Structures are given as C-alpha cells and as structure tokens.
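Me: Please take a close look at one part of this model: the ligand site and the pocket around it. Keep it brisk.

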Amino acid sequence: MSPDLFSTLPRDETLGEDARLLGGFALPVVNDVLTAIAAVTAAAPFRQMVTPGGYRMSVAMSNCGAAGWVTDRKGYRYAPVDPDSGKPWPAMPTVLADLAQRAAAAAGYADFAPDACLINRYVAGARMALHQDKDERDQTHPIVSVSLGLTATFLFGGLARADKPQRVALAHGDVVVWGGATRRVFHGIAPLKAGEHPLVGAQRLNLTFRKAL
Ligand code: MD3
Ligand code: FE
C-alpha cells in the first residue's frame, strides 16, 4: 500500500482517557467549512492578540458564535463582542455547528451545543505553548477541535505542566473530541513546519468548539 493511500485511511483512536480522534471526520464537508471560515474572517479578520504578560501570540485568531475567546493585557476571557470592531462576533455557520455536534455525538456526547468557535491560524513557525483551557464556565462539556491544512504536532501532556507531552500528528480533516479528564490536561502545538497544502495553502487552521457561557 502506498504511504499516500495509508495516510488517508480513517485513524479512529482513543488518545487516552476521554479523548477521541476521528481521523478525517471533517473531510465530507471540508469545502463548505472553508467557505464558512472565509465568510467569518471577512467580517472578523484574523488578528494576533496580546497575552496578559504582554507577548503577542504567534497564532492569529478570530471567532464566531455568541461568545469569542479573547486575550489582552487585562486577561483571558470570553466576550460577546469583537474588540477590534465593537460588533458581535459573526453567528456560527450551521455547517460548523452541525459538524461539531455530529463529532461530539460520535464520541458519546449527545446534544453538544457549542456557543463559541475559536478559529486559530498557524503559519510556518507559529506555535501554541503548553496551557490548560479553563476559561469556560462549565468544564463538564467537551471541546471539539477540527484541523485543516498543514499537519501539526499536537503536544498532549498531563495534569501537571511538567508531565512530558505525547506528540500526536493532527492532519487535514481530523476531528478530536476532548472530554472528561482530558479536558484539564496541559496541551499545545509545536512550531508549524513550512509547507503548502493543496486546498488550504501555507497554513494550518484549527477550529475549537466550546460551550463557554
Ligand atoms: C485538550 N488549540 O485553542 S486544538 C486552544 O490546534 C488550543 O489550535 C490547539 O489548544 C490548536 O486552546 C489545539 C485541540 C485541543 C483544544 C482544547 C483542548 C485540545 C485540548 C482542551 C483540553 C485538552
Ligand atoms: Fe487549548
């Protein structure tokens, strides 16, 4: 079997307690997903936000849904309004909300109703340092992530920052549902390697769907 054919086979696996990788789950709707991202980011353009510590993030971000994740010198939080425009974040396109809901259901979370979708854009060299996601009000809801474009190395750590992370490749179309105990692990993205994806170009896009409010 050619490596190319092998890499397109579904890779459904459990990445540890309560994390389910649905390999290629987004592929059947990927063109509509990319069109939806283009519409959202035309209204709320990608921007590199500043952390409370004063560093500009290498990842550029936008949001759609009732709440959007933002950071500035005052802290991390979910906000109903885009601070750059003063307007509400664009509504979450149905194709995105449906994809997240179907993936959550496939992983055993019926009725996942995300109100926040963070859109992360990585170009070559962009990375996300190890962190925990804890800005959501009720942490019993899962997080659904969708990877598009260039393959990234996801760093899957433990409950302590010092735990050595496992490295997991996340490729175009992969969806991961993070629930239960994995919801609180340290995680990040290693610096993106330069490349060109036939559909998405020289970047990686990642969607994270959350019930934030
Ligand atoms: C595991 N984004 O936006 S998505 C983030 O690829 C974030 O852009 C990464 O971490 C990215 O906060 C990783 C996968 C992910 C998202 C949230 C998690 C994994 C997670 C929360 C808890 C545990
Ligand atoms: Fe995160």
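Reply:
**Ligand site and pocket**

Ligand 1 has 19 residues around it, and Asn120, Tyr122, Thr182, His187 and Arg204 come nearest (near: a heavy atom within 4 Å). The model is predicted, so local features need pLDDT of at least 70 and side-chain atom pairs pLDDT 80 or more, while totals for chains, interfaces and linings use all residues. Residues are numbered from 1 along each chain as written, chains are lettered from A and ligands numbered from 1 in written order, and side-chain values use heavy atoms, without hydrogens and water.

Next, the polar contacts (N or O pairs within 3.5 Å). An oxygen atom of ligand 1 sits 3.2 Å from a side-chain N or O atom of His131. For Asp133 the distance is 3.2 Å. A polar side-chain atom of Arg210 is 3.0 Å from a ligand oxygen.

Now the largest pocket. Its volume is about 760 Å³, the space filled by probe spheres set on grid points joined across faces, edges and corners. A pocket here is an open set of points on a 1 Å grid over the protein atoms alone, where a 1.4 Å probe fits, with protein on both sides within 12 Å along at least five of seven lines; lining residues have an atom within 4 Å of a point. Of the 39 lining residues, Met128, Ala129, His131, Asp133 and His187 are closest to the centre. Strands (DSSP E runs of at least two residues, numbered from the N terminus) contribute: E7 (128–131) and E12 (187–189) are among those that supply at least two lining residues each.

E7 and E12 also belong to an open antiparallel sheet of four strands, ordered E7-E12-E9-E10 (pairing: at least two DSSP bridges). E7 and E10 (166–170) are edge strands with a single partner each, so one side of each lacks a neighbour in the sheet. Phe156 stands opposite His187 in E12.

Terms used:
A polar contact is a pair of N or O atoms within 3.5 Å; within protein, one must be able to donate a hydrogen and the other to accept it, and residues adjacent in sequence count only if both atoms are side-chain atoms.
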